[in-house]
Structure formats: C-alpha cells, structure tokens
Amino acid sequence: RIVATLAIAGLMAGILLIFVYQATQPTILAHKAKMLRLAVEEVLQGPASYDTLYLIDNNLTTELPAGAVEKDFQMVFLGKDANGAPVGFAVVHNRAGFQDQIKVIYGYDPRSGNMLGMKVLESKETPGLGDKIEKNMDFVEQFQKTQAPLVGVKAGAGSGDSHEIDMITGATISSRAVIRIINEAFDNWDPLLKAYLVENAR
C-alpha cells in the first residue's frame with residue numbers, strides 16, 4: 001500500500017511538473033525574446049530598426065527555408081538608422097567563464113572595426129567578484145569606444161591602444177573570458193558580416 005501510494009504521488013507530481021512547464025513556457029520564451037530585443041537595441045545604441053539575419057550555408061539571409069525553425073540557426077542582428085542605412089551588427093556568443101557559461105551580446109561596425117557596446121546576457125559568475133563584468137560600468141562602457149579584435153590589459157597598465165580593454169581587478173578570469181568570447185565571435189563572424197554589407201550595398 002505504501003509503495004502504491006508513493007507511486008501515485010510520484011506520478012501526480014510528474015504530471016504537475018509537465019503541466020506547469022507547458023503552461024509557463026510561452027511566457028518564459030516571450031520574456032527571453034523581449035530581453036534579447038532590448039539588448040540588441042542597447043548594444044547598437046538605439047537603432048531606428050533592425051533585421052534578424054540567419055546563417056544558412058555560410059551565407060546570411062533574412063529568410064528561413066520553408067518549414068525551418070528559427071532556433072536551429074545561428075543569428076545576428078543588423079541595426080539600421082532612420083534612412084535604412086546599416087549602423088552595425090549585434091552578435092551573441094557564449095563560452096566558459098570562471099564558474100559557468102557566459103553569454104554575451106556585443107555591437108560592432110565591421111566597416112570601421114569600432115565596438116558599439118557590450119552586454120552580458122547570462123552569467124553565473126561569483127557575486128561581488130565575477131559578476132562585475134555586468135555590474136562594473138567602467139568595464140562595460142569600454143566596449144563603446146574600442147576596436148576589435150580586443151586585447152585585455154591589467155587595469156591602468158594599457159598603452160592607450162584602441163584595442164585595449166582594462167580588465168577588472170579581482171575578476172580577471174571573468175573579464176578575460178568576456179574578451180575571449182568577443183574575439184572568438186569576431187573571428188567567426190567578421191568575414192561574413194563584411195561580405196553581407198558588400199553584397200547588399202545600395
């Protein structure tokens with residue numbers, strides 16, 4: 001009788017978990033989509049609009065194949081000004097930090113090499129130390145006035161080179177991880193972004 005009771009309770013708990021997951025999933029996905037939209041606008045410094053581009057067969061396109069699911073493709077976001085001219089791309093990338101995966105979005109103009117902004121989307125870095133990569137605005141704001149690829153330097157020890165980012169004292173591993181994430185994404189995406197701008201020049 002005890003075993004049967006436990007089995008029924010476990011079954012009911014499992015059913016309840018499935019129901020809650022299915023009921024809350026649309027809300028969770030909508031919230032994530034909203035946060036991503038706001039992040040794209042932030043790192044591109046408030047574009048008038050932006051297009052979502054999908055990487056298909058090593059080419060960027062605004063259209064998905066018939067029946068394709070968006071989440072199955074890598075994406076970048078092309079910001080545009082009020083006249084429809086490109087202002088830069090927002091790129092999402094993630095890699096391991098000190099504690100866990102760090103997901104970053106950054107804005108970048110491949111024509112000039114200028115960084116436009118950076119925002120940490122997801123991080124489980126140590127509170128009070130590693131989480132400074134998203135809370136230390138002196139660190140975050142550096143990504144609005146540097147050029148890719150980036151070079152991490154000890155705080156205050158830089159030469160003034162436009163590629164240098166002062167890392168955070170006490171959070172060197174986490175801040176170096178952010179730089180590594182952006183540089184890796186830069187290596188992967190830069191040729192594709194430049195090619196897209198050339199092919200779609202007006």
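Glu41 and Arg37 are joined by a salt bridge in which the closest N and O atoms are 3.7 Å apart. The model is predicted. Both residues belong to helix α1, where a spacing of four residues places them about one turn of the helix apart. Glu41 counts as partly exposed because its relative accessibility is 29%. Arg37 is likewise partly exposed, with a relative accessible area of 34%.

With a relative accessible area of 44%, Glu42 is partly exposed. Lys119 is partly exposed as well, at 31% relative accessibility.

## Salt bridge at a buried aspartate

Arg111 and Asp109 form a further salt bridge, with 3.0 Å between the closest N and O atoms. Asp109 is classed as buried because its relative accessible area is 11%, and the limit for that class is under 20%. In total, the structure contains nine salt bridges.

## Nonpolar surface patch

On the surface, Leu16, Phe19 and Val20 make up a nonpolar patch, and together they have about 300 Å² of accessible area. Phe19 is located in helix α1, which covers residues 2-43. Its relative accessibility of 55% means that Phe19 counts as exposed, as the class requires a value over 50%.

Definitions and conventions. Residues numbered from 1 in each chain as written. Predicted model: local features only at pLDDT ≥ 70, side-chain atom pairs only at ≥ 80, totals over all residues. Heavy atoms only, no water. Patch = residues over 30% accessible without salt bridge, like charges linked within 9 Å, V, L, I, M, F, W, Y side chains within 5 Å. Areas by Shrake-Rupley, 256 points an atom, 1.4 Å probe, with all protein chains shown as cover. Salt bridge = Lys/Arg side-chain N within 4 Å of Asp/Glu carboxyl O. Helix = DSSP H or I, 4+ residues; strand = E, 2+ residues; numbered from the N terminus. Buried < 20%, exposed > 50% of the residue type's maximum accessible area, 1.4 Å probe, protein only.
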